[in-house]
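Welcome to a short tour of this structure. Take a moment to look at the sequence and the 3D view, and then read on.

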Amino acid sequence: MLRPRVIVCLDVKDGRVVKGTQFKNLRDVGDPVELAAQYEAEGADEIVFLDVSASKEARGTLLDVVRRTAETLFVPLTVGGGVRSAEDIGPLLRAGADKISVNSAAVRDPELISIGADRFGSQCVVASIDAAKEDGLWRCYTHGGTQPTELDAVEWAAECQALGAGEILLTSIDQDGARNGYQLDLTREVADTVPVPVIASGGAGRAEHLRDAFVVGHASAALVAGILHDGLTTVGALKQSLTDWGLPVRPTPLGTNT
Amino acid sequence: MRIALYDYGAGNLHSLGKALEGAGADVVVTADWSEALGMQALVLPGVGAFGAAARALPDDRSGLRQALADGLPCLGICLGMQLFFETSEESQGDGIGLVPGTVDLLDAPIVPQMGWNDVEVGNDPIFEGVDSLVAYYANSYVCVPDDSAEEIAWSEYDGRRFAAGVRRANTWGLQFHPEKSSGPGRRIVANFVTVAQELVR
């Protein structure tokens, strides 16, 4: 039985995990290598690093962080935010990422997805889509949710899959950071349309929201960030609640041989 | 012991390398087949696409196939396991042809199979100390050995039971990623190192 996944996302800037509101008022919350390992110990099924560095100089720093993380992390690591061209994919994977996620760059150049899938396999290409309901469509935005496109998220997700993406990371711009639940209509529409796993993102506030993402939104995985970093809950507590409600999440790894 | 970790030139080798080193192995990452076959054991990692990886195999597969048949301990993971077979539906590239059987596309509403799935483990030393296993998968294809006696572990996806592991003499294949399956996965990697050490002693 395939288990619904709980994925922890960390924003990384210049080699440090940062936290803020809409990329403003960023403050340092720790070392990505240590935090990733800590979340694995708590039961995170996967880790996502979202690189929010602005400078090109940060590239080398990101690769170094990925390399050091991969040496101590034994659950999958996805890296997004740092992929601007097909040439960026190989170095990230070689540094230790298991998957890369592409967003703005794929909208600009959809071939990025097919090149990545051909060279490295669909399983390592995650199409990241940021969407908001507008004018009767789920309008896709790029550049951290700041630039509107003419793309509809459901159609774009299907196109990404056709190009070779092995997973869709779907973020509701309206719900992101609001902590009152994932955008379930968006999640379900995309999940019911594309034949690849969909990761619900944006809006996690309580364990009920994750349950709804799986049960109502038909998501394969749920992304969680702020409520963990703020210490409002833990991966273990979220998974315990999900288990109590009959969702077959992977048990937290107590008593393993690490 | 010195273990060759073969590098097809694509993908993450760090976690697997560290898991092997954590079990006491001296890991040599190499893309040179003569060097790889000169080590005491060989690991074929599970990254990349079948065609690209098959192209990285030596043009003449016979030396590699013979080394494995002669007992070089080998662990193939995901794609690395699929390479033990002759061909894959994924690509026309030829595999090693060590294990008779086929590599079939998963026929399910959602492909690839991405995530953690239960694994029923058989009685094999590579699963020593691993009682219940939920392991990480990222695969679109599954291996179907002609001889089901070569299957050593099983999972089910969308109602289809498939081989999570195969073994032929000193060659082990795992469809899931032990190096991405947290503590129990690391134990399996360590078990391979232990078993390989005993075999070459």
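Let us begin with a helix of chain B. The buried residues of α6(B) are Ser182(B), Pro184(B), Gly185(B), Arg186(B), Arg187(B), Ile188(B), Val189(B), Ala190(B), Asn191(B), Phe192(B), Val193(B) and Ala196(B). Here a residue is buried if 20 or more other C-beta atoms lie within 10 Å of its own, exposed if 12 or fewer, and partly exposed in between, with C-beta atoms placed from the backbone. Helices (H or I, at least four residues) and strands (E, at least two) are DSSP runs, numbered from the N terminus.

Please keep in mind that this is a predicted model, in which local features need pLDDT of at least 70 and side-chain atom pairs count only at pLDDT 80 or more, while totals for chains, interfaces and linings use all residues. Residues are numbered from 1 along each chain as its sequence is written, and chains are lettered from A and ligands numbered from 1 in the order in which they are written.

Back to the helix: α6(B) has 19 residues and reaches 28 Å from its first C-alpha to its last, close to the expected 27 Å (1.5 Å times one less than its number of residues). The cover over its buried residues includes α1 (32–42) of chain A, along with α1, β3 (41–44), β4 (74–77), β9 and β13 (171–174) of chain B.

In all, 35 residues of chain B are in contact with 36 residues of chain A, where contact means C-beta atoms, placed from the backbone, within 7 Å. On chain B, the elements that give two or more residues to this side are α1 (14–22), β8 (113–121), β9 (133–139), β11 (151–157) and α6 (182–200).

Chain A has ten helices and twelve strands. Its radius of gyration is likewise close to the rule's value, so chain A is as compact as a globular protein of its length. The radius is taken over C-alpha atoms, and the rule is 2.2 Å times the number of residues to the power 0.38.

| Chain | Radius of gyration | Globule rule |
|---|---|---|
| Chain A, 258 residues | 17 Å | 18 Å |

Buried residues make up 55% of chain A and 56% of chain B.

Tyr157(B) stands opposite Arg160(B), and Asp158(B) in the two-residue turn has a positive phi of about 50°. Four bridges join β12(B) to β13(B), also antiparallel. There Gly165(B) stands opposite Leu174(B), and Ala169(B) in the turn has a positive phi of about 55°.

Finally, a stop in chain A. Ser241(A) is found in helix α10 (residues 235–244), and it counts as partly exposed because it has 17 C-beta neighbours inside 10 Å. Ser241(A) and Arg211(A) are 30 residues apart in sequence and 8.9 Å apart in space, C-alpha to C-alpha. Arg211(A) is one of the buried residues of helix α8 (residues 207–215), whose cover includes α10 of chain A.

Methods:
Two residues are in contact if their C-beta atoms, placed from the backbone, lie within 7 Å. Two strands pair if DSSP finds at least two bridges between them.
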